[in-house]
Amino acid sequence: MRNHLDRHLSAVRNLGILAHVDAGKTTVTERILYATGTTHKRGEVHDGTTITDFDPQERDRGITIFAAAVSCDWDGHRINLIDTPGHVDFADEVERSLRVLDGAVAVFDAVAGVEPQSESVWRQADRHGVPRIAFVNKLDRVGADLDAAVTSIRERLHPVPLVVQLPIGTEDGFTGVVDLLRMRALTWSDGGETTVDDVVPEGLRQEALRRRRLLEEAVAERHPAALEEFCDRETLSAQTLSGALRELTRTGDAVVVLCGSAYRNRGIEPLLDAVVAYLPSPSDVPPVRGVPGGAAGMRNTEGGMRDTADGMHGGVHGVQGGVHGMHRTVDRGRESVDGMQDAVGEERPADPAAPFAALAFKVAATPTGRLTYLRVYSGTIEKGDAVWESGTRRVERIGRILRVQADRHAQLERAVAGDIVAVIGLKSARAGSTLSAPGAPVVLEPPGVADPVVSVAVEARTSTDADRLATALARLAEEDPSLVVRTDPETGQTVLSGMGELHLEVAVEKVRRSLGLEVNVGRPRVTYRETVARGVSGLVFRHVKQDGGAGQFAHIVLDVEPLDADGTGGVAETGFTFRSAVVGGRVPQEYVRAVEAGCRDALAEGPLGGHPVTGLRVTLTDGATHVKDSSEMAFRTAGRLGLREALRGCAMVVLEPVVEVGVTVPEDAVGGVLGDLAARRGRITDSAVRGGSAVVTATVPLAELFGYATRLRSRTQGRGTFSARPTGYAPTPAAVTTR
């Protein structure tokens with residue numbers, strides 16, 4: 001029985017498709033479905049006929065907005081695949097997907113190489129430790145260059161790329177590849193039929209031998225068994241190479257690189273072979289770790305996340321709480337995470353016979369019902385089973401289990417460890433909730449949630465629709481945790497906050513289309529921060545309160561200074577650190593922790609405009625206590641009020657979010673684009689010519705990019721495109737109004 005279970009798990013691959021927008025990610029997914037026989041017609045993005053981009057907005061805009069799960073079979077293996085968005089505004093969808101994946105295929109444009117969002121999703125995969133293989137797409141385009149693309153991967157992403165194919169033909173003449181492991185040629189006709197020739201074309205034989213040698217040397221340098229064989233035989237067998245590449249991929253020591261043209265259906269079958277050969281199965285990854293559901297100190301994970309978030313949503317300008325940069329994940333569940341770290345961890349192996357444990361990573365309302373997408377880490381779940389849900393800490397029942405094909409579903413009787421499925425019947429589960437066996441409850445670490453950076457005021461056009469709008473917005477926030485809905489305490493307006501202008505535009509349009517509501521939307525506003533430019537030292541604060549009975553007494557001395565900046569005058573340092581330099585036990589340790597908690601409370605609003613404060617270091621240098629009146633509450637209050645007073649004495653600076661923009665335009669339009677970027681306070685950092693087009697890279701304040709897409713199309717007669725990725729915060733010029 002054990003061997004049977006191992007065989008099942010080893011034949012499963014859970015992977016995501018990652019890429020910059022327009023690199024061909026969705027087309028790769030469509031060709032995978034076609035090559036595996038899952039579909040019998042090739043879907044096209046430009047025709048709006050793809051399986052995974054099934055939402056009307058995705059088809060109208062021609063981009064992936066929502067992560068879509070599909071399944072297919074190849075060479076006796078079950079492949080569960082998630083097509084993720086490539087636009088920066090929807091990076092949170094990528095984050096939640098990577099949390100539950102075992103591997104990924106990173107798709108790169110053969111002309112552009114590594115693009116801004118390529119870099120962002122690569123770093124996200126690094127954080128989650130997800131092994132990857134790379135697929136250099138669009139080799140049939142003018143200006144396509146595999147070597148240049150691989151060089152950009154090496155220089156910008158810093159992996160060790162191991163190229164296992166050599167293209168046959170260039171640009172429009174690209175017809176196939178040479179398999180450097182087996183030294184054979186694979187070519188594809190215009191109809192997509194594959195021809196395998198054991199003889200490498202004569203004109204490419206010497207180059208293929210040279211590249212095979214380079215591949216062997218690179219593998220031998222990094223793999224002990226391969227090095228031993230290479231020293232003995234001065235070459236490596238295809239079997240040794242394949243095994244070494246698999247181990248190097250799993251450990252992240254190298255990245256296998258393949259190439260092709262998904263649009264022309266060339267290179268997809270070798271890509272599928274590589275997925276099966278090199279990416280790990282659920283049994284290859286370490287057991288998932290969690291905290292027993294009854295562990296001391298463990299709070300309601302999802303409730304803690306929401307409570308913490310709600311408590312931080314104060315502020316007068318739609319500014320979200322928290323003190324970290326917008327490119328960092330927000331620890332909305334600080335107390336929950338602390339509880340997980342303090343409690344003794346529990347491992348759940350990828351074993352269908354183990355107690356059930358799964359993580360919900362996506363929730364969607366569909367005509368079929370409320371779908372909760374799950375990654376099953378251990379155990380088995382059947383239709384009708386009861387599960388313990390970590391958010392509400394209560395038991396719910398599974399109504400139906402579905403195998404997902406984007407917007408189509410097939411019913412299953414059960415799901416086992418390693419599966420990615422959707423279930424119907426859960427009422428309270430959210431993205432990040434853990435589902436487990438009631439008799440063995442466990443809480444798994446939820447995906448990080450990005451900090452919203454743009455806010456708009458929304459209101460129903462008629463007062464009779466106000467309640468319907470509130471319900472619709474609450475459902476949106478439930479489906480997408482990176483959307484936050486709150487009421488501005490000063491204006492009474494409903495404020496919707498998200499990851500970018502397009503993110504909010506899509507959300508509002510979804511409300512309009514799904515409910516037929518007419519919605520008024522205010523101008524977007526960005527979330528500013530405040531930081532310390534010059535600190536203060538030796539600030540003395542005494543908190544004394546006596547109103548009958550036990551009083552409150554706390555005496556503290558604080559030093560406040562800025563965190564080390566990058567020294568370039570560009571992106572500012574973000575975050576907050578606290579330390580104690582008190583000697584002689586003048587302030588007990590429990591009171592030191594209370595002072596730190598009070599200081600964190602004070603960071604919610606700065607003295608300049610009520611924006612969250614970031615980028616500072618606070619040191620508790622001295623203090624005093626009272627034998628009766630001192631308490632943790634008194635020192636927490638002193639920490640909060642004392643830091644507020646200290647900040648009023650500091651030289652403060654307002655920070656604004658900045659993004660790195662990559663603008664691709666015809667060469668004759670470069671002058672106008674550079675002038676426009678300068679007018680938007682952009683700082684040009686690089687320019688290059690790729691494939692006959694100029695690519696300009698600049699750092700621009702996010703507030704200046706609203707409406708830029710329309711302006712760029714106007715300046716370039718519709719031929720210009722741009723992409724952006726967050727890079728952090730930078731000081732605002734004095735002329736910028738931040739209120």
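In the predicted model, Ala 91, Val 94, Glu 95 and Leu 98 of helix 4 meet Gln 117, Val 121, Gln 124, Ala 125, Arg 127 and His 128 of helix 5, where a contact means heavy atoms within 4.5 Å. By class, this contact has five nonpolar, three polar and two charged residues; Ala, Val, Leu, Ile, Met, Phe, Trp, Tyr, Cys and Pro count as nonpolar, Asp, Glu, Lys and Arg as charged, and the others, Gly among them, as polar. Angles under 35 degrees count as roughly parallel, over 145 as roughly antiparallel, 65 to 115 as roughly perpendicular and the rest as oblique. The axes are lines fitted to C-alpha atoms, for helices over the stretch in contact, and the angles run from 0 to 180 degrees between N-to-C directions. Helix 4 passes helix 5 in a right-handed crossing, a term used if the near helix is turned clockwise from the far one by less than a right angle.

Residues are numbered from 1 along each chain as its sequence is written. Because the model is predicted, local features need pLDDT of at least 70 and side-chain atom pairs count only at pLDDT 80 or more, whereas totals for chains, interfaces and linings use all residues, and side-chain values use heavy atoms, with hydrogens and water left out.

Helix 15 (residues 589–602) and helix 16 (residues 632–649) pack at an angle of about 40°, and their axes lie 7 Å apart, so that these helices are oblique to each other. Their crossing is right-handed, and the residues of the contact divide into eight nonpolar, two polar and six charged. Among those of helix 15 are Tyr 591, Ala 594, Val 595 and Cys 599, while the partners in helix 16 include Phe 635, Arg 636, Gly 639 and Leu 643.

Helix 17 (residues 670–679) packs on helix 18 (residues 708–715) at an angle of about 155°, with the axes 10 Å apart, and helix 17 is therefore roughly antiparallel to helix 18. Here Gly 672, Val 673, Asp 676 and Leu 677 of helix 17 meet Tyr 708, Arg 711, Leu 712 and Arg 715 of helix 18, a set that divides into four nonpolar, one polar and three charged residues.

Thr 697 lies in strand 39, which covers residues 693–701, and Thr 697 is buried, with a relative accessible area of 16%; buried means under 20% relative accessible area, exposed over 50% and partly exposed in between (1.4 Å probe, protein chains only). Apart from residues up to four places away in sequence, Thr 697 touches Glu 660, Val 661, Arg 683, Ile 684, Thr 685 and Asp 686.

Most residues other than glycine have a negative phi. Asp 75, however, has a positive phi near 55°; this residue is found in the loop between strand 2 (68–74) and strand 3 (77–83), and Asp 75 counts as exposed at 58% relative accessibility. Glu 234 likewise has a positive phi, of about 60°, and is placed in the loop between helix 8 (224–233) and helix 9 (238–251), where Glu 234 is exposed with a relative accessible area of 57%.

Overall, the protein has 18 helices and 40 strands, defined as DSSP runs numbered from the N terminus (helices H or I, at least four residues; strands E, at least two). Of its 739 residues, 57% count as buried.
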